[in-house]
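Thank you for coming, everyone.

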Amino acid sequence: MVARLGDILLKENRITPQQLQQALAYQKANGGRLGETLVKLGFISDEGVTEALAIQYGVPSIKLSEFPIDPSVVKLIPKETALKHHLLPLARSGSSLTLAISDPANVFAFDDVKFLTGLNVEPVLASESAIDQAIKNQYGTAEDAERQKEIEDLVSFLDEGPAGSVELDEAGEDGLNLADLERAAEEAPVIRLVNYVLADAVKREASDIHLEPYEKEYRVRYRIDGLLQTVMNPPLKLRDAIISRVKIMAKLDIAEKRLPQDGRIMLKLMHQSKKKQLDLRVSVLPTLHGEKIVMRLLDKENLRLDMTKLGFEPESLEKFQEAIFKPYGMVLVTGPTGSGKTNTLYSSIAQLNKDDTNIMTAEDPVEFQLPGINQVQMKEQIGLNFAAALRSFLRQDPNIILVGEIRDFETAEIAIKAALTGHLVLSTVHTNDAPSTISRLMNMGIEPFLVATSVHLICAQRLVRRVCAQCKVRDSFSLQGLVDAGFTAEEAQTVTPMKGTGCNHCGGRGYKGRVGLYEVMETTDEIRELILAGASALELKRKAIEQGMITLRGSGLGKVKEGITTIEEVVRETVL
């Protein structure tokens with residue numbers, strides 16, 4: 001006889017008898033499954049119920065977000081069936097189909113799947129919310145299907161036209177007919193298709209567009225709120241025409257298909273009844289099946305120059321602003337690519353930009369053009385690198401110098417000398433947190449006494465996705481889960497974590513926009529003494545926390561407490 005779910009949960013000490021009675025009473029009044037009711041009342045997490053069901057039915061459970069899903073297998077079952085029964089096909093082996101399902105007692109689901117596929121079903125358990133999210137990711141939203149249909153309609157009549165016949169001839173790359181390519185790139189449908197992709201990316205607030213050729217498909221992906229998602233698959237025969245069109249727009253050489261190329265596209269388009277000016281940075285890279293194009297959308301309207309809106313905690317912002325308003329010294333911002341360092345630096349110099357101040361920047365590349373600031377684009381091929389630019393800057397009577405990145409001893413040495421000779425130097429370094437930046441500078445060969453006297457403040461940062469304000473609901477996170485994330489037992493009792501259920505406003509993702517997490521380490525006298533004594537990054541971190549530094553994880557947990565982001569986002573981007 002199969003043990004009852006409530007008895008298993010009691011035996012496993014996952015719920016109390018009082019909670020079970022309360023859930024049974026709620027279930028009797030409102031209907032639904034017991035596990036669903038317990039999650040709704042916040043007594044247990046989805047994962048907890050899934051583990052208990054695995055024991056009850058003797059079926060293995062999995063963490064779906066970490067399980068590799070075969071896209072070709074997903075196509076075996078229609079989206080409607082997957083949604084109806086909360087299931088997802090994962091993998092196929094011979095005549096067996098591995099199927100993630102939230103309710104192993106649903107015999108109708110197994111019958112439907114067997115009828116549709118003719119395969120034997122091997123079920124594995126996953127939580128209902130994880131399956132629903134995976135269905136959204138794998139099948140896409142109805143809007144995506146509509147867009148794909150639009151694209152197919154848009155290019156369907158190219159079959160007879162010159163663009164439809166553009167292919168490599170038997171002579172290979174060198175024998176490519178350039179006249180055909182140029183004509184194909186200028187065909188109205190190809191122009192409309194590329195314009196559609198650009199306008200759609202702006203509409204969806206994407207930061208990057210990826211055009212990726214593979215052996216049997218051509219894929220378009222957008223990076224939205226830091227994560228890539230597939231939005232369409234144009235016909236493979238249009239690959240060369242699309243690439244040529246983008247190259248012509250970016251003023252690149254369409255005949256050069258063997259070497260990487262970089263360019264820019266300046267666009268004006270109508271968005272929400274307003275004329276919008278857009279700057280796109282274009283990178284073309286030859287791959288095995290053709291050239292991959294990545295376009296970075298540089299939208300001035302999305303550049304936030306108000307530091308109070310970036311996500312700084314009040315005490316961290318106060319320290320940061322105090323450091324950038326000092327007449328000399330060095331302020332460093334650190335974090336991985338795409339963590340918002342440029343935005344923080346631009347916000348800083350926007351505050352410092354006055355008529356009586358000479359600000360010079362060395363950038364690679366110059367992402368946004370700011371009025372009143374002398375911006376210099378690096379050109380490695382002719383010897384104009386950060387070190388060369390810095391040397392020239394010191395002869396240009398600057399007050400403030402912004403160096404895009406300190407990546408070698410020469411740049412670090414000149415920047416530190418500038419900071420010690422009456423200039424304020426702002427720059428970035430690639431390290432994981434604020435204290436390890438000190439070790440990184442010393443590993444480059446900079447003397448400890450120079451680091452201790454020149455560096456006034458280091459700010460480490462990450463970007464996490466904001467919970468969608470339109471579909472925000474309480475997240476049923478266990479107390480232990482909150483403690484494991486970094487909350488104290490007392491704090492965990494008072495925290496109400498939030499999550500997004502997915503709606504039209506956020507495109508079904510549950511997240512809309514991003515916010516920064518900041519770790520600001522001030523170089524106090526005690527920190528300077530530790531640097532001079534050759535202390536490790538761990539010792540510096542301990543001392544900084546002792547002096548009130550909020551770590552990246554601490555900043556994230558603060559935003560979870562405020563309902564701005566989720567535990568999953570904070571855990572993904574930070575470490576304890």
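Predicted model: local features only at pLDDT ≥ 70, side-chain atom pairs only at ≥ 80, totals over all residues.

Residues are numbered from 1 along each chain as its sequence is written, and side-chain values use heavy atoms, with hydrogens and water left out.

The protein chain has 24 helices and 18 strands, where helices (H or I, at least four residues) and strands (E, at least two) are DSSP runs numbered from the N terminus. Of its 576 residues, 49% count as buried; buried means under 20% relative accessible area, exposed means over 50%, and partly exposed is in between, with a 1.4 Å probe and protein chains only. Contact means heavy atoms within 4.5 Å, and among contacts in the protein chain between residues at least 6 apart in sequence, 63% join residues at least 24 apart.

Now to the helix pairs. Two packed helices are described by the angle between their axes and the distance between the axes. The axes here are lines fitted to C-alpha atoms, for helices over the stretch in contact, and the angles run from 0 to 180 degrees between N-to-C directions. Angles under 35 degrees count as roughly parallel, over 145 as roughly antiparallel, 65 to 115 as roughly perpendicular, and the rest as oblique.

Please look at helix 13, residues 314–324, which packs against helix 14 at an angle of about 60°, with the axes 11 Å apart, and the two helices are therefore oblique to each other. Helix 13 passes helix 14 in a right-handed crossing; a crossing is left-handed if the near helix is turned anticlockwise from the far one by less than a right angle, and right-handed if clockwise. Phe320, Gln321 and Ile324 in helix 13 meet Thr344, Ser348, Gln351 and Leu352 in helix 14. By class, this contact of helix 13 with helix 14 has three nonpolar, four polar and no charged residues, where Ala, Val, Leu, Ile, Met, Phe, Trp, Tyr, Cys and Pro count as nonpolar, Asp, Glu, Lys and Arg as charged, and the others, Gly among them, as polar. Within helix 14, the buried residues include Thr344, Ser348 and Leu352.

In the second pair, the axes of helix 15 (residues 386–393) and helix 16 (residues 409–420) come within 8 Å and cross at roughly 20°, and these helices are therefore roughly parallel to each other. Their crossing is left-handed. Phe386, Ala387, Leu390 and Arg391 in helix 15 meet Glu410, Thr411, Ile414 and Ala415 in helix 16, and the residues of this contact divide into five nonpolar, one polar and two charged.

What is the angle between helix 21 and helix 22? Helix 21 (residues 525–532) and helix 22 (residues 537–546) pack at an angle of about 170°, with their axes 10 Å apart, and they are therefore roughly antiparallel to each other. The contact is made by Glu526, Ile527, Leu530 and Ile531 of helix 21 and Glu539, Leu540, Lys543 and Ala544 of helix 22.

Let me turn to two lysines. Is lysine 559 buried or exposed? Lysine 559, placed in helix 23 (residues 552–561), is buried, with a relative accessible area of 4%. Leaving aside neighbours within four places in sequence, lysine 559 is in contact with Gly311, Glu313, Val515, Gly516, Leu517, Ile564 and Thr565. Lysine 268, found in strand 7 (residues 261–271), is exposed, with a relative accessible area of 62%. Not counting residues up to four places away in sequence, lysine 268 touches Lys275, Lys276 and Gln277.

Finally, the backbone. Most residues other than glycine have a negative phi, and most peptide bonds are trans. Glutamate 205, in the loop between helix 11 (188–203) and strand 4 (208–213), has a positive phi of about 60° although it is not a glycine. Aspartate 397, in the loop between helix 15 and strand 13 (400–403), has a positive phi of about 55°. The peptide bond from aspartate 364 to proline 365 is cis, with omega near 0°, and proline 365 is placed in the loop between strand 11 (359–363) and strand 12 (374–377).
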